[in-house]
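Biologist: Could we go through this structure together? I would like to begin with a single residue and then look at its surroundings.

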Amino acid sequence: MSVDKVRHLTYIYRLFFEICDVSLCTERVLVVSWEKCLDVLKHDLSSEQFNTWLKPLKSDFDGESLHLFAANKFVLSWVKDEYYVTIVETLKQLYGADAPPLVLELLSQQGEIKARPDISQVTGE
């Protein structure tokens, strides 16, 4: 994806946030953020780097933060040390002030993303 396309998409997202109620739109747009981020990063990294370290990461957006999950401690450590800043910068490039915080974590023992608690059970609503 070219830089001009990324800028154009960024403009469209910002316009989108101005038009609709952000509380209704945020999750839908930011769920896509890891895929959009990958689209940008694959052009900035070698194919080997991209396919080895970033493409296999699982993602989850919890409404506030973008969580990326690594398969093991070695991958987690490598991604934190080598790519964390690059990923955060790419998210800021795509989403500006609306970029979600980035959290890097391990996948569960079963290789699944941990389920988020249902807030309605806690609040009784």
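Biologist: Is Thr90 buried or exposed?

Modeller: This is a predicted model, and in it Thr90 is buried, because its relative accessible area is 4% and buried means under 20%.

Biologist: Where does Thr90 sit, and which backbone oxygen does its side chain reach?

Modeller: Thr90 is placed in helix H6. Its side chain reaches the backbone oxygen of Thr86, at 2.8 Å.

Biologist: Which residues is Thr90 in contact with, leaving aside neighbours within four places in sequence?

Modeller: With those neighbours left aside, Thr90 is in contact with Cys37, Val40 and Leu41.

Biologist: Let us turn to the nonpolar core. How many residues does the largest one have?

Modeller: The largest nonpolar core has 25 residues. Those with the most contacts inside this core are Trp34, Leu54, Leu57, Leu68, Val79, Ile87 and Leu102. Two or more residues each come from H3, helix H4 (47-54), strand E2 (66-70), helix H5 (73-82), helix H6 (84-95) and strand E3 (102-106).

Biologist: Which residues of H4 are buried?

Modeller: Phe50, Trp53 and Leu54 are buried in H4. They lie on the same side of H4, because they cover an arc of only 100 degrees around the axis. Ser47 and Glu48, on the other side of H4, are exposed.

Biologist: What covers the buried residues of H4?

Modeller: The cover includes H3, H5 and H6.

Biologist: A change of topic: how many salt bridges does a search of the whole structure find?

Modeller: The search finds one salt bridge. Asp39 forms it with Lys42, and the closest N and O atoms are 3.9 Å apart.

Biologist: Where do Asp39 and Lys42 lie?

Modeller: Both lie in helix H3 (residues 33-44), three residues apart, which is about one turn of the helix. An α-helix has 3.6 residues a turn, so residues three or four places apart point the same way.

Biologist: Why does Asp39 count as partly exposed, and what about Lys42?

Modeller: Asp39 counts as partly exposed because its relative accessibility is 25%. Lys42 is also partly exposed, with a relative accessible area of 43%.

Terms used:
Residues numbered from 1 in each chain as written. Predicted model: local features only at pLDDT ≥ 70, side-chain atom pairs only at ≥ 80, totals over all residues. Heavy atoms only, no water. Salt bridge = Lys/Arg side-chain N within 4 Å of Asp/Glu carboxyl O. Helix = DSSP H or I, 4+ residues; strand = E, 2+ residues; numbered from the N terminus. Buried < 20%, exposed > 50% of the residue type's maximum accessible area, 1.4 Å probe, protein only. Core = buried A, V, L, I, M, F, W, Y, C linked by side-chain atoms within 4.5 Å. Polar contact = N/O pair within 3.5 Å; in protein donor to acceptor, adjacent residues only side chain to side chain. Contact = heavy atoms within 4.5 Å. Arc of directions from axis to C-beta.
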